[in-house]
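Please keep the sequence and the model in view while reading.

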Amino acid sequence: MNILSDIATRLRAVFFRRAEEAELEEELRFHVEMETEFRAGKGVGEREAARQSRIAFGGVEQVKDSVRDARGTRPFEEALRDVGYTLRNLGRNPGFAAVVILTLAIGIGGTTAVFSAVDHVLLKPLPYQEPGRLVRLYGRTTEDPAGHNFLSPVYFGAYRSQLSTAEGVAAIYTYSSVGADIGSGDRARRVRLLYTSANYFDVVRVRPSLGGAFRAEDESGPGIEDNLDAALVTVISHQVWQDNFHGDPAAVGKSLLMNGKSYQVVGVMPAGYEDPIAGAVDAWVPVDLTSVTDPTQASNHFLSAIARLRGGVSIEQAQSELDRIALRLTDQYPGQKLERARLDPLKDDIVGSSSLALELMLGAVGLVLVLVCVNIANLMLVRSSERTQEFALRSALGAGGARLLRQLLVESLTLAIAGALAGFLVARFAVSAIVVLGAGTIPRLNTLALDPRLLGFSLLLAVGCAVLFGLTPAIRAARTPPGDALRDQSRGGTSGGRAVRFREWLVISQVAMAFVLMVGAGLLLASFRALGDLNLGIKPEHVLTFELNLPGARYDSTARAAFFERFAGEVAALPGVTAAGGISKLPATGAYHQWGMAVTSGPLVGDAVRGRTGAQNRVVSGDYFRAVGVPLLEGRLFDARDDNRATQHVIISKNLAVRLFPGVSAVGQTLSLSHGSEVIGVVGDVAVTNEGRADGFVYHPHRQFAGDRNWPLHQVILFTGDRATTEAAVRRLLANDDPQLVVYHPRMLDEAIGKGAAQRLFTLRLLVAFAAMALALSALGLYGVLSYGVKMRTREFGIRMALGAARGTISGMVLRQGLIVASIGVGFGFLGAVALSGVMTAMLFQVSPLDLRVLGGAVLCLAIIAGIAAWLPAHRATAVDPRSALQ
Amino acid sequence: MATENGELLQGTLEMLVLRTLAHEPMHGWGIAHRIEERSSNVFLVTQGSLYPALLRMKRRGWVKTEWRITENNRRARYYALTASGRKQLSVEHGGWVRTVAAINSIMDAHWAGAGA
C-alpha cells in the first residue's frame with residue numbers, strides 16, 4: 001500500500017471536507033444522469049427512466065455515507081465533534097470546569113515546584129567529580145562520638161599521611177571566616193579568603209583553569225599568622241581574575257595586593273567554582289602547616305578536613321582505619337588519649353541542616369498531591385452521578401457504549417489538559433517564588449529550575465486520575481439498564497446509597513489530610529514564635545554591624561589596639577548613635593574559639609573536674625556590651641585602664657561565674673587561660689546560637705589582646721535614627737580616618753543573627769501555603785458532596801416539608817451530616833498527627849508536637865470551614881419549594 | 001465473486017475495476033456500465049459499493065482521479081490506473097487464474113467411487 005497517497009487522500013478529506021463533499025455530490029449526480037440517459041435511450045419514457053435509475057442507485061445518502069466511511073477519517077471527525085460537544089457542555093457548567101482546572105493547576109503546579117526544589121537541593125549530587133567519595137573529617141572524642149570538632153594540625157598531618165583508604169586528605173581553615181582587603185585606595189574592597197592545604201585541588205578534583213595549584217612547600221607559608229619571610233602565593237577566583245586583571249591570561253605570575261601584602265598569583269580557578277564547605281571564595285591561600293610536626297599543637301584544634309576515598313572503599317572501612325590511626329597516635333600523645341575522628345559523607349554535611357525541612361516539605365507535597373487526586377475523583381463522581389440520567393437517555397436512544405466512553409474520555413482529557421496547562425504556569429510562578437523566599441538560606445537554591453521529569457510525573461498522575469474517574473459514569477451506564485436509571489429519575493428516589501458512602505469516605509480522608517497539614521503548619525508557626533520570643537541575652541534591634549579589618553602591614557598591634565578604641569569613641573560621638581564597639585564574633589551566630597581554662601582562685605581551686613571548663617572566648621573593643629544590650633551585673637566594664645601595662649583582665653558571663661566560683665563573688669578571682677587573668681566584671685548570659693543554646697563566655701579587652709593575632713572586629717553600633725544616615729556617617733568617618741579601610745558586609749544585627757530563623761520561615765511559609773491549599777481542597781470536597789446530596793434529595797425534602805417538617809429540621813439534617821463527616825475526618829487526622837509527632841519534634845523549638853493550642857486551632861479552623869461548606873447546601877435545602885419539588 | 005443477486009464481492013470488484021481501467025481512463029458510471037455489459041449483465045455494480053471501492057483504491061495509490069469533460073460536454077471525475085495499480089492488476093490477475101484453475105480441477109475431476 002502506498003502510504004503517501006493514503007495520507008494525502010485522508011488529509012484532503014479532513015481539510016477540504018466541503019470541497020470533497022461537493023465533488024462527491026457532483027459525481028453521484030452525474031452517475032444518475034448517465035443512468036437516466038442510458039435507460040431513456042433504451043426506449044423507456046424519461047420520467048420512468050429517472051425513476052428506475054434512482055431505484056437502481058439506491059439511497060443517495062447511504063451511498064454518500066459508505067463513501068465517507070471509505071475515506072478513513074471518521075474517528076477524527078467524531079473526536080472533533082466530541083470536543084465541540086464537550087466545550088458546550090462544560091460551558092453550561094462553568095463552575096465544575098473551573099474547580100477541576102483550578103484543583104489540577106494547584107496540584108500540578110505547587111507540587112512540581114516544591115518537588116523540584118527538594119530534588120535540586122537534596123537529591124542532586126554535588127557539583128564535583130565522583131562526589132559520593134568525598135567525605136568530611138571531624139574531630140570527636142570517645143566521650144562524645146557524635147562530636148563535630150575541628151582537628152589539630154598534628155592529627156590532620158597523621159591522617160593525611162597514613163589514611164590509605166583515601167586518595168587524599170585536604171585541610172581547610174574554616175575555624176573563622178577570613179577576609180582580606182584587596183587592592184588599595186578608593187578601589188579597595190574586601191574579599192573572602194580560604195586557607196587550604198596544597199593538595200586541596202586534587203581532593204576536590206578541580207584544578208585551576210589557568211596556571212597551577214600550590215606546591216607542598218607553600219604549606220610552610222605565612223598561614224594564618226603573619227610570617228613575613230615566606231613566599232606569598234595565591235590562587236584567585238575567576239571573578240577576581242576578571243575584576244582585577246580584566247581576564248588577562250598573563251595574570252599568572254603577577255602580584256595582587258591583599259591586606260597590604262603582595263601575593264603572587266599562581267593560578268585562576270574555573271568560573272563558578274565554589275568550595276563545598278566555605279561556598280563562594282575569592283582567593284585561595286596555602287594554610288600554614290608547619291605545626292603538623294609540633295607536638296605542643298596536638299591539642300590546638302582549628303582545622304577542617306575533607307577527604308576523597310579510594311574507589312570501592314566504604315565509609316565504614318575508612319572509619320575503622322581512621323580509628324586505628326587515632327589509637328596509635330594516643331601512644332605518641334598521651335594527653336589526647338580520648339581523641340578520635342569521624343567521617344561524614346560531604347553531601348550529608350552540606351545539606352544536613354536543610355534536609356529535614358526538605359523532607360518535611362516532600363511529605364506535605366505528597367499529601368497535597370493525594371488530596372488533589374481525591375478531590376478530582378470526588379468532583380468527577382459527583383458530576384457522573386448528575387449525568388446518570390443523561391447517559392441512560394442517550395443510551396436508550398441508541399448511542400453505543402463505545403461512543404459514550406469516547407465522549408467521556410474526550411471530556412476528561414479536555415479538562416485534564418486545560419488543568420495541566422494552568423498547572424505548568426503555576427509551577428513556573430511557584431519556582432520563582434521559592435527562589436525568592438529561600439534565597440540565601442537554603443544552599444544551592446539559586447540555580448533552581450523546573451525539572452521536566454517531575455512536571456511530567458505530576459501531569460501524568462493528575463491526568464490519569466481525571467481520566468480514570470471521568471470514565472466511571474460510562475462504566476456505570478453500561479452496567480445499569482437504561483430503563484432503571486430513567487425510572488429512578490422519575491421516582492426521584494433518595495440518594496443512591498453506595499456511591500454516596502464512597503464519596504463520604506473520600507471527604508473524610510481529605511479532612512484528615514488537611515488536619516495533618518494544618519497541625520504541621522501550626523506547630524512550625526508556634527515554634528517560630530517561640531524562637532522570636534526567645535531571649536538571646538542581647539538586644540539586636542537598631543544595631544548596625546559590619547566587619548573592619550586593619551591590614552597587618554600598616555598597623556602593628558599597638559596601632560590596632562589604639563585604632564579600634566579611638567574609632568569606637570568617634571562613632572559613639574556621631575549624632576543618633578548611642579553606643580559603639582567591636583567583637584571578634586557576633587553574638588548568637590555560633591560557637592567559636594572554645595578554649596579550656598582552670599580557676600586559680602576561689603572554692604574550686606585544684607578541683608580537676610569542676611575547676612576546669614571550656615568556654616567561648618571573645619575579644620571586644622569600645623563599648624561593646626552597651627551597644628548590644630548585655631547588662632553588667634557585677635564589677636566594671638573594660639576601659640582605658642585595661643591596657644598593656646595592666647595585668648590581663650577578663651569579663652565573664654553570669655553562668656560561667658556561677659559555675660567556676662560557686663557561692664562567692666567572681667570579681668577579683670583569677671583564671672588560667674593561655675595566661676593568668678583576673679576577672680573584673682560579670683555580665684549577662686548570651687546565647688551561642690540563635691536557637692538559644694547557652695555556654696559560658698570569657699571576654700578579653702582588645703587593648704590587651706591585639707598582639708595575640710590580627711583580629712578583624714565586627715563593629716556594633718546602637719543607633720536611634722535612620723539606618724542609611726547612620727551608615728553613611730560611619731563610612732565618612734572611616735574614610736576620614738583611613739580611606740583604604742573597607743566597610744565589609746554592613747547589615748543589621750538581627751538580620752545577621754536570623755539566618756537559621758530565615759530558613760525556618762521559608763519552610764513555614766511553604767507549609768502554610770500547603771495547609772491553606774489542603775483546607776481549600778477539603779472544603780471544596782465537603783461542599784461538593786453535601787450539595788450533591790441536597791440536590792438528590794430535593795424531592796425527599798419537598799415531601800418532608802409538605803408533611804410539616806420545619807425548615808430548621810431540614811437544614812439541621814444536612815448540617816449534621818456535614819459535621820459528622822468532618823468530625824470523623826478530624827479523628828483520623830488526629831491519629832495521623834500523633835503518628836508523625838516523632839518526625840516533627842526535630843523541627844520544633846520549645847513546642848510539643850502535640851501542642852494543645854495548635855491541635856485546638858486546627859480543629860477550630862476545620863470546624864469553621866466545614867461549617868461553611870455544609871451551611872451553603874443546608875441553606876439551599878430549606879429553599880426547596882415543596883410544590884415544585886413534588887411535581 | 002458475486003452474491004446471488006449478482007452483487008460483486010469487494011476484492012473481485014476491485015480486480016474488475018482495475019482490469020476495466022487498464023484499457024482507458026473512465027468515469028464511475030462508465031466503469032459500472034462496462035462491467036455489467038462485459039458480464040452480459042450477470043454482475044450488478046451498485047453505486048454503494050463502486051464509489052467506496054474507488055476511494056479505497058485511490059487511497060492505496062492504484063488509481064488517480066481527474067475532472068474531465070465527457071464527449072457530450074459534461075464534467076465528470078475520471079479514474080486512471082497508476083503504475084502501482086497496473087502492478088496490482090497483474091498480481092490479482094495471476095492469483096485469480098490460479099484460483100480458477102484450482103477450483104476447476106476440483107470441480108471437473110472424475111470422482112472415482114463417488115455417487116453412482
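Residues are numbered from 1 along each chain as its sequence is written, while chains are lettered from A and ligands numbered from 1 in the order in which they are written. This is a predicted model, in which local features need pLDDT of at least 70, side-chain atom pairs count only at pLDDT 80 or more, and totals for chains, interfaces and linings use all residues.

## The two chains

Helices (H or I, at least four residues) and strands (E, at least two) are DSSP runs, numbered from the N terminus. A residue is called buried if 20 or more other C-beta atoms lie within 10 Å of its own, the C-beta atoms being placed from the backbone.

| Chain | Elements | Residues | Buried share |
|---|---|---|---|
| Chain A | 28 helices and 22 strands | 887 residues | 42% |
| Chain B | four helices and three strands | 116 residues | 31% |

In chain B the elements follow one another from the N terminus as α-β-α-α-β-β-α. Two residues are in contact if their C-beta atoms, placed from the backbone, lie within 7 Å. Of the contacts in chain A between residues at least 6 apart in sequence, 83% join residues at least 24 apart. In chain B, residues 24 or more positions apart account for 49% of the contacts with a separation of 6 or more.

## Nonpolar cores

In soluble globular proteins, nonpolar side chains tend to be buried together. A nonpolar core is here a set of buried Ala, Val, Leu, Ile, Met, Phe, Trp, Tyr and Cys residues joined through C-beta atoms within 7 Å. The largest such core has 92 residues, and those with the most contacts inside it are Ile376(A), Ala462(A), Phe515(A), Leu517(A) and Ala774(A). Helix α11 of chain A (residues 346-386) gives the most to this core, namely 16 residues. Apart from this core lies another, of 65 residues, among them Phe546(A), Phe567(A), Ala615(A) and Ile651(A). Leaving aside residues up to four places away in sequence, the residues that Ala462(A) touches include Leu104(A), Ile108(A), Val372(A) and Ile376(A).

## Strand pairing

Two strands pair if DSSP finds at least two bridges between them. Why is strand β13 of chain A (residues 577-583) largely enclosed by the rest of the structure? Six of the seven residues of β13(A) are buried, so the strand is largely enclosed. β13(A) pairs in the antiparallel sense with strand β21 of chain A (residues 713-719) over six bridges, and there Leu718(A) is the bridge partner of Ala579(A). Three bridges also join β13(A) to strand β15 of chain A (residues 612-622), again antiparallel, with Gly622(A) in β15(A) as the bridge partner of Gly581(A).

In chain B, three strands form an open antiparallel sheet in the order β1-β3-β2. Its edge strands are β1 (26-27) and β2 (63-69) of chain B, each of which pairs on one side only. Two bridges join β1(B) to β3(B), and His27(B) stands opposite Tyr78(B) in β3(B).

## Where the chains meet

How many residues does each chain bring to the contact? Chain B supplies 19 residues and chain A supplies 23 residues. On the side of chain B that touches chain A, α2 (28-38), α3 (47-59) and β3 (75-81) of chain B each supply at least two residues. The largest share of that side, eight residues, comes from α3(B). By type, the residues on this side of chain B are five nonpolar, eight polar and six charged. Here Ala, Val, Leu, Ile, Met, Phe, Trp, Tyr, Cys and Pro count as nonpolar, Asp, Glu, Lys and Arg as charged, and the others, Gly among them, as polar.

How values were computed:
Buried ≥ 20, exposed ≤ 12 C-beta atoms within 10 Å, placed from the backbone.
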